[in-house]
Amino acid sequence: MKYNFDQVINRKGTYSTQWDYIQDRFGRSDILPFSISDTDFPVPVGVQDALKKRIEHPIYGYTRWNHDDYKNSIVNWFQSQNNYELNPEWILYSPSVVFSIATFIRMKSEIGDGVAVFTPMYDAFYHVIEDNQRLLLPIRLGSAQQNYQIDWDSLETVLAQDNTKIMLITNPHNPTGKVFSADELRQIVSLCQQYHVFIISDDIHKDMVFPSAVYTPITAYTQKEVVLCCSATKTFNTPGLIGSYLFEPDETLRESFLLELKQKNALSSASIFGIESQIAAYNTGADYLLQLIGYLQNNFDFLTNFVQTRLPEIEFKQPQATYLAWMDVSKLGLTSAELQDKLINRGRVGIMPGKTYGDSHYLRMNIACPISKLQEGLKRMEQGIRS
């Protein structure tokens, strides 16, 4: 079926983090937000139908995830989308990708140990690492404008340190939109194995990859000292339903994670609607994804043309993946605080400051919305900057 991503759906009054709680991030509630990493698009029809059917059953009791319907939906999705043969025994449920990451950080390192990361990075990782009393070890990753350059010498120097126990990557990368190539993943694996560093890969944006790049799960290159964490929630706009999964090839580590999940945290029962939406999204969502990628591409094309013609001081190159525009605003000659003041208080638009992710020279704008919203947001951005 044909999806209408142009449709504007009013999300106010739904307890939406992005729309109803704008003031929490930007200090005022009368602005147009492009912040939180969910979309303004309806879920696929197959997901909506599955949820409606389940809601009609009047009992919402404790729910299992460890069954063929759940695991096979993931196996078949990776086979059809990525030509990747996945062992269903590797699959475990988790309430969220960040829960999985935090758990493996605690399982595979001690207090005071180092976690190597590419920066800038998803802001939650700063807390996950530092609030678990681990040392954050940054390696600079270039933006799209810099051809996503990896400083391999710095990476090896960090991995070679005795206290570096974990390498945390996001593939595709948030916020730059980089998709790690097969050669890059092989090299990362080789270095981590050389220095006995455990790899955690957050692949939650793996479906939203544009034709210029190819995504491959890191577990295609190693099944030792690695975990891959993922979810359908970003692609199909279901994060409020709760649920993610992970691939762990090592049976001992699977048992250790289940001990954390079930015994230590009592999280073995999954969200009913998270399970139903996960299965339905992967079983019925291929056409939705294809149309979504095309729509996001058109939005990125509009953004590219806008900044080139109306705001040429802003440097932007379309990402290889995700719905996040990572824009270099350093040539505006404004501090991060000055720019945010112009955007929020004059343009009435909420765009995340790059310093949230580790680089104050950038803005991160979520463009997963109807084109009319993007057009209005860019107009407001221009008005704020020019004011």
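Start with the rings: a search of the whole structure, which is a predicted model, finds 27 aromatic pairs. A pair of aromatic rings is described by the distance of the centres and the angle of the planes.

Take Tyr3 and Phe5. Their rings are stacked, with 6.1 Å from centre to centre and 25 degrees between the planes. They count as stacked because the planes are under 30 degrees apart. Tyr3 is buried, and Phe5 is buried too.

Now look at Phe41 and Tyr295. This pair is edge-to-face: the centres lie 5.6 Å apart, and the planes make an angle of 85 degrees. Where do these two residues sit in the chain? Phe41 is in the loop between β1 (32-34) and α2 (45-56), while Tyr295 belongs to helix α11 (residues 286-310). They are 254 residues apart, so the pair links distant parts of the chain. Both Phe41 and Tyr295 are buried.

These residues belong to a cluster linked by ring pairs. Among its other members are Trp77, Phe78, Tyr84 and Phe236.

Step back to the whole chain. It has 13 helices and eleven strands. Its radius of gyration is 21 Å, close to the 21 Å that the globule rule gives for 387 residues, so the chain is as compact as a globular protein of that length. The C-alpha trace spans about 60 × 55 × 35 Å along its principal axes.

How much of the chain is buried? Buried residues make up 57% of the 387.

Finally, the surface and the charges. The accessible surface comes to about 16,600 Å², and 48% of it belongs to carbon and sulfur atoms. The chain carries 35 positive and 43 negative side chains. The centres of these two sets lie 5 Å apart.

Notes: Residues are numbered from 1 along each chain as its sequence is written. This is a predicted model: local features need pLDDT of at least 70, side-chain atom pairs count only at pLDDT 80 or more; totals for chains, interfaces and linings use all residues. Side-chain values use heavy atoms; hydrogens and water are left out. Helices (H or I, at least four residues) and strands (E, at least two) are DSSP runs, numbered from the N terminus. The radius of gyration is taken over C-alpha atoms; the globule rule is 2.2 Å times the number of residues to the power 0.38. Buried means under 20% relative accessible area, exposed over 50%, partly exposed in between (1.4 Å probe, protein chains only). Accessible areas come from the Shrake-Rupley method with a 1.4 Å probe; for residues, only the protein chains shown count as cover. Lys and Arg count as positive and Asp and Glu as negative; His and the chain ends are not counted. The place of a charge is taken as NZ of Lys, CZ of Arg, CG of Asp or CD of Glu. Rings of Phe, Tyr and Trp (its six-membered ring) pair if their centres lie within 6.5 Å; planes under 30 degrees apart count as stacked, over 60 as edge-to-face and the rest as tilted.
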